[in-house]
Amino acid sequence: MSYQLPPVLQRIKAIGGVVFDGPAAYDLNLFGIRSPNREAGRFDDLMGCAYRETEGGPFKVSWWPATSDPSVYWLRHPMRVEGAAILVGDRQYRGMWRLGLHRKSYTALVQVGDCAVFRDADRDSELDLDDSSIMVGRYGINGHASIRNELGTGEATSIGKASAGCQVHATQRGFDEMVSLAQRQVEHHPTWQTFTYTLLHQWW
């Protein structure tokens with residue numbers, strides 16, 4: 001039986017990205033969708049994952065509230081003289097992440113492959129996406145949580161210092177689901193240790 005690709009996977013193909021659409025279960029397509037809002041400090045983006053739960057089965061798509069941008073704090077107090085890092089959208093980053101420890105604290109998706117970032121150096125709260133500022137390398141752009149507690153519940157209402165350019169979940173539930181899916185990929189396919197991430201601009 002054949003299945004039509006979900007719209008988000010069609011969009012990834014449209015920007016020239018690779019879609020993992022083979023029959024294997026838990027061959028993850030991790031993605032983010034950046035809103036058109038250029039003001040920092042909001043969880044107004046999405047992170048998600050498209051995958052098959054069974055061999056040859058239909059695609060399932062999970063969505064979680066997130067931010068793909070640095071917070072106001074880090075825009076105004078960048079870690080580098082070149083400015084705060086903003087991951088470049090409508091690009092795919094092959095093998096960007098693998099499971100590891102975020103800040104030596106908890107299991108998350110940590111950067112192991114290169115990515116492209118804008119450098120916003122004017123220290124205001126507006127996100128500046130200037131192509132002339134793009135740098136390529138490994139800058140600790142992880143996929144992690146903004147809030148964690150023993151109950152495994154909660155939703156952050158403020159980004160604060162949670163994102164200096166990382167892809168950050170607003171809810172612990174969403175983050176935990178993402179990590180669980182990543183762990184299932186490795187369990188099903190022990191040699192598939194890295195994860196590709198595609199950041200899209202909102203297209204609807």
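These legends cover close-up views of a predicted model. Local features need pLDDT of at least 70, side-chain atom pairs count only at pLDDT 80 or more, and totals for chains, interfaces and linings use all residues. Residues are numbered from 1 along each chain as its sequence is written, and side-chain values use heavy atoms, without hydrogens and water.

**View 1. The largest nonpolar core has 38 residues.** A nonpolar core is a set of buried Ala, Val, Leu, Ile, Met, Phe, Trp, Tyr and Cys residues joined through side-chain atoms within 4.5 Å. Buried means under 20% relative accessible area, exposed over 50%, partly exposed in between (1.4 Å probe, protein chains only). L28, L30, L87, M96, W97, F195 and Y197 touch the most other members. Elements giving two or more residues to this core include β5 (91–102), α3 and β11. Helix α3 supplies the largest share, 6 residues. Helices (H or I, at least four residues) and strands (E, at least two) are DSSP runs, numbered from the N terminus.

**View 2. F195 and its contacts.** Contact means heavy atoms within 4.5 Å. Neighbours within four places in sequence are left aside. Among the residues that F195 then contacts are L28, L30, M96, W97, L109, A182 and V186. A second, separate core has 10 residues, including L5, I12, I33 and L200.

**View 3. Two of the aromatic pairs: Y26 with Y51, and F31 with W63.** The whole structure holds 6 aromatic pairs. Rings of Phe, Tyr and Trp (its six-membered ring) pair if their centres lie within 6.5 Å; planes under 30 degrees apart count as stacked, over 60 as edge-to-face and the rest as tilted. Y26 and Y51 are stacked because their ring centres are 5.7 Å apart and their planes lie at 20°. Y26 sits in the loop between α1 (7–14) and β1 (29–34), and Y51 in strand β2, so the pair ties together parts 25 residues apart in sequence. Y26 is buried at 7% relative accessible area; Y51 is buried at 4%. F31 and W63 pair edge-to-face, 5.3 Å centre to centre with 75° between the planes. F31 is buried at 0%, whereas W63 is partly exposed at 39%.

**View 4. H189 in its loop.** The loop runs between α3 (172–188) and β11 (194–201). H189 counts as buried because its relative accessibility is 15%. Sequence neighbours within four places aside, H189 contacts A24, A25 and Y26.

**View 5. Charges over rings at Y139 and Y73.** A charge sits over a ring if NZ of Lys or CZ of Arg is within 6 Å of the ring centre and within 35 degrees of the ring normal. The charged end of R119 lies over the Y139 ring, 4.9 Å from its centre. The charged end of K161 lies over the Y73 ring, 4.6 Å from its centre.
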